[in-house]
Amino acid sequence: MASLTYYILRKIISRAIVFFIILSVTFIIPRLLPGGAFAYLVANPNVPLEMRNALIKEFGLDKPLWVQYIQFLKQFFTTGNLGISFSRLKPVSDVIMSALPWTIALVTTSVVLSAIIGILSGAYAAYKRGGKFDSAMVSTIMFIRSMPSFWLGLVLLITFGYYLGIAPLYGAYTYGATYSNVLEFMEDVLGHLWLPMLTLTLLYTTGYFMIMRNNMIDIMGEDFINVAKAKGLPDRAVVFKHALRPASLPVITALALDLGWSIGGALLIEIVFSLPGVGKLLYDAVYMTDYPLLLGIVVYTSALTLTLVTFAEILYAYVDPRVRLR
Amino acid sequence: MGLRLKEAIMIALSIAIAMSILNGFNYVVFADQSSNSSQYVSIFKYIHRESWMKPGGTFRWPMMGEANTLNPFTFTTSWEFMIIDSVYDTLVEVTPDLKYAGRLAESWSVSPDGKVWTFKLFPNATWHDGKPVTAEDVAFTYNLMRDIGNKTRFSDTAVLIDKAVAVNDHTVKIFLKKPYAPFLYMMASEYYIVPEHIWSKINKTDILKFKNDNPVGSGPFIFVEHKPQQYYKLKANPNYHLGRPLIDTIVMPIISNPDAMLLAFKRGEVDVMTWTVPYNSIPQLKGLPNVHIHAVTEFGARFMYFNCRRWPMNLTKFRLAVHYAINLTEVANIIYQGYAIPGSLGRIPPTLKNWYDPNLPPKEKVYPFNLTKAAKLLDSIGFVDKDNDGWRDMPNGTHITLSIYAPSYDPLRVRWGQLIANNLKKIGVNVKFEPLEWTTLVNKLMSGDFDMLIIGGIGSLDPDILRMLFHSQGGWNLGHCVVPGLDKLLDEQRYTVNFTKRRQIVWEIQELLAKYVPVLNTVHQQFVFAYRTDNWDGWVLSPTMGPDNWFSLMNLYNVKINKPPASTSSTTTFTTTTSTAPPPASSTASSTTTQTTTSTTAPATSSTITSSTTQSTSTPTTTVGGGGAGNTALMVTVGVVIAIVVIALAVWAFKRK
């Protein structure tokens, strides 16, 4: 078991280094973008140059980059504080926390939903390889996959929201409404989120389906499947007991990555459907050169992604002893 | 890994969209007809009440982004303005017909030297927390601006304040260091008065970080709540000193997708468009019941800077040659589909009759489109082809390529930039035309690294904006062109409080500008807004304000609960001063088209972005959807066609099996 502990330790240390690199890159790159801090104020004649300069000074952006970097590291590693969002004028963690529930409700749900649909339909398509279901699925999936997400979202919004009128055109619930109980609120939220959720599920399912189907096809050619078949096991047992589990291992990695990124929001979908999620925040942060907010979102997302991926790999090591030796 | 690629594309796209949203540059502000107090009118003339009008109902007023701050001294966007202007009061309000009416001030007077302004406040004004609004509050606000104004949006004007003193409970005197002609317009109607009992507790050095989450003002609406990225809610102030508004509640949903806002507007889910309607969507809107359209001409212009620090742009003859190389009438009619007036040589659009010089000929009359003439002008400055390679060279024989940059997010400006480049190429000028992404463009502009650069906006109803644009020290004189004798005139108009005298100077300035053409004013674009009358009526329409202006909010009544007597006309229309009259001297087809368009689109004129907006002005920019709601039918059709093709392929795949 010593080697397993060593393996886990090594993984954790390497992930910590990766995290530090992400932190540094995310800190530096936005500050090197053309235009500089508060670039969006430059073109606004109602914001005199003096105000922009005062803002730059107020947030310490006039200091040399390395001084800012050291200050940030000190602040981050001693207090865990990501700083004040330049645009929202609130602690970054507060700003992100107010948007996170909506993103989890939308994106995380869609990811989980599409993973389930993708795995099952992918496995079935591989089992019936070349059949009607398989051909239909593959062409549909290719069709969806090749569409830009915002375009798909907009077409669905216009069709269901405007022409059919069965989905709202904006928002996460009826703004300004009052509810007598939680159930009523939930119903309203679901009534608003089903369309963006459908869009995202359609988009995510494509990935899981393709990974699952191709893996499954590979696995079905392995010797142990032939052994299982030779034992006289029914097809269904062969597929869903013997082939499904090994084939879904890479899907778990993909799921870990997607789940990690899912709290970063679905930027374009959130904008198309005017939803109050983290993706919209990221968009605002880029537009307003809000460095701390940008950094905060990346820190949250990458921390979660790294944790989930590490967890998935450790799980692998338990499940598949070959992994440790590499 | 495909996933990482997806992220990269997402971020790239988000930047692209951010840039398309960042349309900058249409910051128009209210008029200053004159700084004479004779321009005073009673505000009650503009607040219309009938015995049958009952308050009630929810007004849905969409925003496109979060209001990051509700601090009335540091806000930057139009969404922030919408809330702040409803919650706080200024001393004075510019009326729809460009006069001044007291909003917090009942009356005022100015000393003969123009340095001391005395305001008498409405005695019954109260803060939303119940305390009375006193002269001390006003004095506090102006003194606060004097002390820390250099960090705020008022840094340009705050330096003029000497002191403000409360004479008694309701009288305040504001002392200026110098007479300042646009005082009422730039200060009294811009500075929101804040309660001393709240703001005196705020650390002055933290003004920029003060978010003002729960604003307490004295305005017609009381701030109720804010859900981040979701909505803002305001309710009527029942004790408002000018009478309570008839709107009960205002809900301001945040609709980040401009196409969705237009769709929601068409379905009647919001009552007004706060984002300019793309030109290609106007025909659909015109056919809808209860939907009304308003176009307004910008107070600035879509224009091109010449970099006067470089040869040959520093030569007036070269700049004139460029003027001869483009037909502005065609640009307005074809590229802008008639929603524009050809650019005025004096910068001020003909619609601003207070200040526009009526003796100024239109560009197409004095410098008509004529490439031969342009080529001759180039020859006369020694800009000729020396080595017969087809391109003109510098007098010493060196090759020269001139760059023209344009904002890539606005296809309209890219098109006329391309037109100028092509025409100049025809007469042998080696031109490189390059549309640039927004921040790169701004960087080029600020650092002076360009030959010619296309941008837009920078307008104001007050001609003091010309000082910013053309004074050798002006903050917006980024081409650094110096026109002899202009600086003196620009300074003079700023301190001339007498309206007639000031106008005379402004006319002289325009004549100088027409002679030396330091920039190419291509068009004064018109922006289109829309409002509905099936829930709310009583809109106040003015040539200088959007349909959702402060006066509309004070007058709107709910049609569903109020039955107006049959003969009542509901919409108040002001068409004075800056109405849609055509440019006086331009007899071109374009001006006729423009005028016709305006007068047929709307029962009244109107719609502008109010002061302090970062409202979009570019029109059919590609937004998130790429297609725009205007193309919905097309997009759905294309989608269906593709789907059919795919299904056919799938069927074919089965068969083959």
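Which residue in β6(B) is the bridge partner of B:Trp108? The partner is B:Phe119. This is a predicted model, in which local features need pLDDT of at least 70 and side-chain atom pairs count only at pLDDT 80 or more, while totals for chains, interfaces and linings use all residues; side-chain values use heavy atoms, with hydrogens and water left out. Residues are numbered from 1 along each chain as its sequence is written, and chains are lettered from A and ligands numbered from 1 in the order in which they are written. Helices (H or I, at least four residues) and strands (E, at least two) are DSSP runs, numbered from the N terminus.

**The sheet with β5 to β8 of chain B**

- Four strands of chain B make an open sheet with antiparallel pairing, in the order β5-β6-β8-β7. Two strands pair if DSSP finds at least two bridges between them.
- The edge strands are β5 (105–110) and β7 (161–168) of chain B, each of which pairs on one side only.
- Neighbouring strands of this sheet are turned by 20° against each other on average, direction ignored. Axes are lines fitted to C-alpha atoms, for helices over the stretch in contact, and angles run from 0 to 180 degrees between N-to-C directions.
- β5(B) runs antiparallel to β6 (residues 116–121) of chain B, and five bridges join them. Within β6(B), B:Lys120 stands opposite B:Ser107.
- The hairpin of β5(B) and β6(B) has five residues between the strands, and there B:Gly114 takes a positive phi near 75°.
- Helix α3 (residues 135–148) of chain B lies across β6, β7 and β8 (171–176) of chain B, and runs at about 170° to β7(B).

**The sheet with β2 and β9 to β11 of chain B**

- A further open sheet of four strands in chain B has the order β2-β11-β10-β9, and its pairing is mixed.
- β2 (58–60) and β9 (221–227) of chain B each have a single partner strand, so one side of each is left without a neighbour in the sheet.
- From one strand to the next, the twist averages 20°.
- Six bridges pair β9(B) with β10 (residues 231–236) of chain B in the antiparallel sense. B:Lys235 in β10(B) is the bridge partner of B:Ile222.

**Helix packing in chain A**

- Helix α4 (residues 92–127) and helix α7 (residues 182–220) of chain A have axes that come within 4 Å and cross at roughly 35°.
- The crossing of α4(A) and α7(A) is right-handed. A crossing is left-handed if the near helix is turned anticlockwise from the far one by less than a right angle, and right-handed if clockwise.
- The residues of this contact divide into 26 nonpolar, eight polar and one charged. Ala, Val, Leu, Ile, Met, Phe, Trp, Tyr, Cys and Pro count as nonpolar, Asp, Glu, Lys and Arg as charged, and the others, Gly among them, as polar.
- Helix α6 (residues 149–163) of chain A packs against α7(A) at an angle of about 145°, with the axes 10 Å apart. This crossing is right-handed.
- Among the residues that meet here are A:Leu152 and A:Phe160 in α6(A), and A:Trp194 and A:Leu202 in α7(A). Contact means heavy atoms within 4.5 Å.
- The contact of α6(A) with α7(A) has eight nonpolar, three polar and no charged residues.

**The disulfide**

- The structure holds one disulfide over all chains. A disulfide is a pair of cysteine sulfur atoms within 2.5 Å.
- B:Cys308 and B:Cys481 form the link, with their sulfur atoms 1.8 Å apart.
- The pair joins distant parts of the chain, 173 residues apart: B:Cys308 is in the loop between β13 (301–306) and α9 (316–324) of chain B, and B:Cys481 is in the loop between α15 (465–470) and α16 (486–495) of chain B.
- Both cysteines, B:Cys308 and B:Cys481, are buried. Buried means under 20% relative accessible area, exposed over 50%, and partly exposed in between (1.4 Å probe, protein chains only).

**Backbone exceptions in chain B**

- Most residues other than glycine have a negative phi, and most peptide bonds are trans.
- B:Asn290 has a positive phi near 65°. B:Asn290 counts as partly exposed because its relative accessible area is 36%.
- B:Ile458 has a positive phi of about 50°. B:Ile458 counts as buried because its relative accessible area is 1%.
- The peptide bond joining B:Trp311 and B:Pro312 is cis, with omega about 0°. B:Pro312 lies in the loop between β13 and α9 of chain B.
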